[in-house]
Amino acid sequence: MPRSLAGQLIALLLGALIVGQMLSVVYFAMSRRDAIEQATREQVLARAAALVRLVDDVPADVEERVVQAASTNRVRYTIDPDPLIGPQAPDDDAFAASVIRDAFDGREVRAEVRGRPLQEFRDRRDGRREAEEERDDDGRRERGPPDGAARGAGGPERDLAGRGRPLIPVVSVSARLADGRWLNAETILPRPSLWAWPMATQTLLVAAGIVLVAAFMVRRITRPLRDLAGAADRMGRGETVDALPETGPEEVRRTVQAFNAMHDRVRRFVADRTRMLAAISHDLRTPLTSLRLRAEFVDDPEVRDRIIETVEEMSRMTEATLAFARDDALAEDSHPTDLAALVSAVADDFADIGHPVTVEGPDKLEMPLRPVSLRRALRNLVENAIRYGTSARIHVAATPTEAIITVDDDGPGIPPDRLEEVFEPFVRLETSRNLDTGGVGLGLSTARSIVRRHGGDLTLANRAEGGLRATIRLPRATGRG
């Protein structure tokens, strides 16, 4: 099945049409076959009835020519001493009862339809032709025992059928003449093919027309859903999304309306949270500054240094929180950016200040990015790698669906049970509060937030050979917008 909703609806319509048309074709062909078989049976009986009356009325020297003139390659009439069909129960030939009663004027008539091997029918027909060429002194044909009697006993037919030969429906009629002889008639029922090219061509033409109309209508119906998917993807990456037009069927309009309402609520919630966080951090500056001034009047140097150190740490956390809030409020739009060049530029910045950072990857990799934000996320990861492992190695790779950036270091790694905990704001594994050995605990949280606004994710894992690996996965197809 196609993956898109439009493709699945079109496939469903096309499949239902083909199944319906095929059932109609089969039903039509079977009805046509039954009608032809019924007409053939009635025609054989009617012609046999007319031939019986004619043979009874013509002289004996003419009846043979009459029978030969009535015979064809498909229907063969003969006058024999015995009937082709053995004795029957009253209801054996119910299919022709009405025709027999009306056409044969009360004569003894036997009729049946039985499956027989085609070769047996041909042998019987050819044998009759040979027998017609041999005549006795009285002018009557010389024939052996009738095959019908043996067939009624289940002999030759059963032997031939038992050899796995295909059976064909044969109509047999035996009518007694006035002189006691029997007029025997046999014909093969026509078997029209179930497959009809005109019906197949009609089905294909109707299917093509329905697919064209359905494709146009279904794409119109599903267009709002495609727009909704693109808007949800952009919203998940933190981009500004305008309200979607509420078009399409009632269910689609209600879905778009709910999405627009949800987007407004989320946007207001994020804006209120950001403003509150910025206000709290800003308001803390004044009491922290006042506390720092008062700490200068503490006589005990050890106590004074500890107080000042604590105040400075709180100031750093406040400034980091303000920076985080500003970045969260910054609505930087995505635009095509060379990711390989951006990574190389970050490595060059650290190389200029004497930190060894190597880069491996393609020479060019263009994709939609927020370059300022992503640059900050990479800097945070490289700073951590250098702080805890003295060096950093960056590797860039690309697949048809995503770009992968890994940052490796040679540090001690992170306990496996804390690999997710370090992404929480203000969480630090190093508890000395020393700026030389750790920051305030917002670097990884900020980096993951930036990567997720790109629609990707940031994960950490300990390397088997030692050290830590940070992996950034960014989708290359980030939707419209």
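**View 1. Strands E10 and E11 pair in this predicted model.** The two strands run antiparallel, and six bridges join E10 to E11. E11 covers residues 468–475. Leucine 460 stands opposite alanine 470 in E11.

**View 2. An open sheet is built from five strands.** The strand order is E6-E8-E9-E11-E10, with mixed pairing. Strand E6 (357–360) and strand E10 (457–462) stand at the edges. Each has a single partner strand, so one side of each is left without a neighbour in the sheet. From one strand to the next, the twist averages 15°. Strands of a sheet pair through backbone hydrogen bonds, either parallel or antiparallel.

**View 3. Helices H10 and H11 lie across strands of the sheet.** H10 spans residues 339–352. H10 lies across E6, strand E8 (392–398) and strand E9 (402–408). Its direction is at about 165° to E6. H11 lies across E6, E8, E9, E10 and E11. Relative to E9, H11 runs at about 30°.

**View 4. Valine 382 is buried in helix H11.** The helix covers residues 371–389. The relative accessible area of valine 382 is 0%. That value is under 20%, so valine 382 counts as buried. Leaving aside neighbours within four places in sequence, valine 382 is in contact with Val346, Phe350, Val357, Ala392, Ile394 and Val407. Of these, Val346 and Phe350 belong to H10 (residues 339–352). Val357 is in E6 (357–360). Ala392 and Ile394 are in E8 (392–398), and Val407 is in E9 (402–408).

**View 5. Valine 382 and arginine 393 are eleven residues apart along the chain.** Their C-alpha atoms are separated by 8.5 Å.

Methods
Residues numbered from 1 in each chain as written. Predicted model: local features only at pLDDT ≥ 70, side-chain atom pairs only at ≥ 80, totals over all residues. Heavy atoms only, no water. Helix = DSSP H or I, 4+ residues; strand = E, 2+ residues; numbered from the N terminus. Buried < 20%, exposed > 50% of the residue type's maximum accessible area, 1.4 Å probe, protein only. Contact = heavy atoms within 4.5 Å. Pairing = 2+ DSSP bridges. Axes fitted to C-alpha atoms, helices over the stretch in contact; angles between N-to-C directions.
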